[in-house]
Amino acid sequence: MSEQGRVLVVDAEPMVQELVRRRLGEAGFGTVAAASGQEALAAAEGGGVDVILLSAALPDGDGLDVLARLRAMPSVEGVSIALMATQRDAESLRRGLAQGADDYLRKPIDRVELTARVQALLRLRRHLAELRRKSERLEELNAALERLATRDALTGVANRGSLEARLAEEVDRWWRYRQPLSVVLLDVDHFKRVNDTHGHGAGDAVLRGVAETLVVAVRKVDFVARYGGEEFVVVAPSTDAAGARILAERVRAAVAASPVEAAGLDGAPVTVAVTVSLGVVTLPGAPEAAALRLADLLARADKALYRAKQGGRNRAEVAE
């Protein structure tokens, strides 16, 4: 590609092709020629074209049909297209602009106007490309902001704010559809001991490892969040008491079977055995008339978790 840009000239007349290519070459543009719609499509499909000058009349069809096919090609996305037509083809120019052409040139083509319009079309091409890059960057930033707002920075699972919002949705669904709802609150056993023995870096590694294990161990419909500190919550929709016990045991066993590799205080690698204690609470499929507060739901799970701790840890207890 030349310094100025590359132009595809589509015209059935060899003299028009030669004239346009010579004038654009003098202005520093690279050019490639096509004499028919099929040749134009083949040349454009390879990419590397910044501007297309397309004749409204071609031997194998209407230039407007070729324009529509060009606009549908991924390789032509963002490419500036100008129609070339005589004064008699004014209607083709009008329709072409309505169907996606960016500009037009009247035949016979003026040398000064040709260069000026191609330069303007090239600026349009580059401007659109810059807008596209900025738009993509904006989407990336918005996605990052959403992650910051809804995800725990350390573990990558949902944060407490997202948990509260999801619980509110699930409780509302529980009221409306009379489907059971279970919540599992779990706490990493002896987490302070990990920090004191191996350092906070190892403690962070343990929290990340537990989060990864949880995501794999639960169902796709379940919701995993970090509640705070070394506590996590699993929200299990449409799960009765028996299913919640099975889920809790699966989570407990998965964590116990997944020691975490971390760096110790001296930087040497250490393997940290990890277990969790769990408290399980289930809302039955027939809601009571009394209002339910989310804090009460989590408090019941917390009481069951406390019993699991008191009972020796690395176990699950069901709320009364």
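Guide: One term before we start: a contact here means heavy atoms within 4.5 Å. Also, this is a predicted model.
Visitor: What's the radius of gyration like next to a compact globule?
Guide: The chain comes out at 33 Å, whereas a compact globule of 320 residues would be near 20 Å. Along the principal axes, the C-alpha trace spans about 95 × 55 × 25 Å.
Visitor: What percentage of the residues count as buried?
Guide: 43% of the 320 residues. As for the surface, the chain exposes about 16,600 Å², with carbon and sulfur atoms supplying 52% of that.
Visitor: Charges next. How many positive and negative side chains?
Guide: There are 43 positive and 45 negative ones, and the centres of the two sets lie 2 Å apart.
Visitor: Switching to the strands: is β6 mostly covered or mostly open?
Guide: Mostly covered. β6 runs over residues 80-86, and six of its seven residues are buried.
Visitor: Which strands does β6 pair with?
Guide: Strand β3, residues 51-55, pairs with β6 in the parallel sense over five bridges. β7, residues 103-107, also pairs with β6 in the parallel sense, over five bridges.
Visitor: Where do side chains point in a regular strand?
Guide: As a general rule, they alternate between the two faces of the sheet.
Visitor: New topic: where does Ser135 sit?
Guide: In helix α5, which covers residues 111-150.
Visitor: How far is Ser135 from Val194?
Guide: They're 59 residues apart in sequence and 45 Å apart in space, C-alpha to C-alpha.
Visitor: Last one, Glu320. Buried or exposed?
Guide: Exposed, with a relative accessible area of 81%. Glu320 is in the segment after β14.
Visitor: What does Glu320 contact, leaving aside neighbours within four places in sequence?
Guide: Arg300 and Arg307. Glu320 and Tyr306 are 14 residues apart in sequence, and their C-alpha atoms are 13 Å apart.

Methods
Residues are numbered from 1 along each chain as its sequence is written. This is a predicted model: local features need pLDDT of at least 70, side-chain atom pairs count only at pLDDT 80 or more; totals for chains, interfaces and linings use all residues. Side-chain values use heavy atoms; hydrogens and water are left out. The radius of gyration is taken over C-alpha atoms; the globule rule is 2.2 Å times the number of residues to the power 0.38. Buried means under 20% relative accessible area, exposed over 50%, partly exposed in between (1.4 Å probe, protein chains only). Accessible areas come from the Shrake-Rupley method with a 1.4 Å probe; for residues, only the protein chains shown count as cover. Lys and Arg count as positive and Asp and Glu as negative; His and the chain ends are not counted. The place of a charge is taken as NZ of Lys, CZ of Arg, CG of Asp or CD of Glu. Helices (H or I, at least four residues) and strands (E, at least two) are DSSP runs, numbered from the N terminus. Two strands pair if DSSP finds at least two bridges between them.
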